[in-house]
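Please keep the sequence and the 3D view at hand while reading.

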Amino acid sequence: MKTVHATLLLLLFMPLTQQIPQTQLDSHVNYEYATDNSEETKFSQDYEDKYLDGKSIKEKETMIVPDEKSLQLQKDEVIPSLPTKKENDEMPTCLLCVCLSGSVYCEEVDIDAVPPLPKESAYLYARFNKIKKLTAKDFADMPNLRRLDFTGNLIEDIEDSTFSKLSLLEELTLAENQLLRLPALPPKLTLLNVKYNKIKSKGIKANTFKKLNKLSFLYLDHNDLESVPPNLPESLRVIHLQYDTFCKANDTRYIRERIEEIRLEGNPIALGKHPNSFICLKRLPIGSYF
């Protein structure tokens, strides 16, 4: 009887202890591993996003080849367009030279022409440049000019009317150039320095100095003169030039009152052989007499 009861109880409880299907177990196990794998996958994805993709982007950036149009746009943005020749010509001189209270200093700046000057300019120093020619246009509408200095340029030619309208010009220096002749000179000139050129006697007209009644200093030394220029004004005080007579051969009483200095040293002449050439002077010229 007891045996029968135990058997019945066993049969009743068997459905309750039924084994879980293998698929559910596998699913549970897979689920647990999947949690770890998802975190690992997420880390791996983050690494790729942060490093591999960044590297890929850099590689892509280095491989970008802009087309011609984009290059032109970049060039236009970075490099400003250069001024045209006309704009360059009209560039204010005071950006290239130094301008101070009516004085313009354009020394050793390699200019090959006279730059446009401020209208109030009175003094221009354009020494040691590459200027080859001077024209009347260079000083048009410049009524206040009083001093011009072009020492050490390459000037070969000067238009005859270049200085004639400069009514206030007092000092003109053209030393150390390549001049063959003198242009017309302004009436109020007090100093003319044209030493170390290639001026010949035929390059000086008979009336060049005739009306220069205020000319006091004349430097013509180290040129190719064959004689003293004619019609030198009475106002002269200092003359540096090559040899010839300063007096009037037909007037032994004539005296040049204002001449204080004549330098003739270094010239192939013995001054002692030409005493009558200097009898009108208060002081003998400086040079070799024997």
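Arg181 counts as partly exposed, with a relative accessibility of 32%, where partly exposed covers the range between buried (under 20% relative accessible area) and exposed (over 50%), computed with a 1.4 Å probe on protein chains only. The model is predicted, so local features need a pLDDT of at least 70 and side-chain atom pairs count only at pLDDT 80 or more, whereas totals for chains, interfaces and linings use all residues. Residues are numbered from 1 along each chain as its sequence is written, and side-chain values use heavy atoms, with hydrogens and water left out.

The side chain of Arg181 meets that of Asp157 in a salt bridge, at 3.5 Å from N to O; the term stands for a side-chain nitrogen of Lys or Arg within 4 Å of a carboxyl oxygen of Asp or Glu. This pair links distant parts of the chain, 24 residues apart, since Asp157 belongs to strand E6 (residues 157-158) and Arg181 to the loop between strand E7 (171-173) and strand E8 (191-193). Strands (E, at least two residues) and helices (H or I, at least four) are DSSP runs numbered from the N terminus. Asp157 is itself partly exposed, at 30% relative accessibility.

Arg181 also forms a salt bridge with Asp160, with the closest N and O atoms 3.9 Å apart. Asp160 lies in the loop between E6 and E7 and Arg181 in the loop between E7 and E8, so this pair ties together parts that are 21 residues apart in sequence. Asp160 has a relative accessible area of 32% and is partly exposed. A network of salt bridges links Asp157, Asp160, Arg181 and Lys205.

## The Asp149 and Arg127 pair

The count of salt bridges comes to 7, and one of them joins Asp149 to Arg127, with 3.3 Å between the closest N and O atoms. Because Asp149 lies in strand E5 (residues 147-149) and Arg127 in the loop between strand E3 (123-125) and strand E4 (133-134), the pair ties together parts that are 22 residues apart in sequence. Asp149 is buried, at 8% relative accessibility, while Arg127 is partly exposed, at 25%.

## The sheet

Asp149 in E5 is also the bridge partner of Tyr125, and E3 and E5 run parallel, joined by 3 bridges. Two strands pair if DSSP finds at least two bridges between them. The open sheet has 9 strands with mixed pairing, in the order E1-E2-E3-E5-E7-E8-E9-E10-E11. Strands E1 (98-100) and E11 (261-263) stand at the edges with a single partner strand each, so one side of each is left without a neighbour in the sheet.
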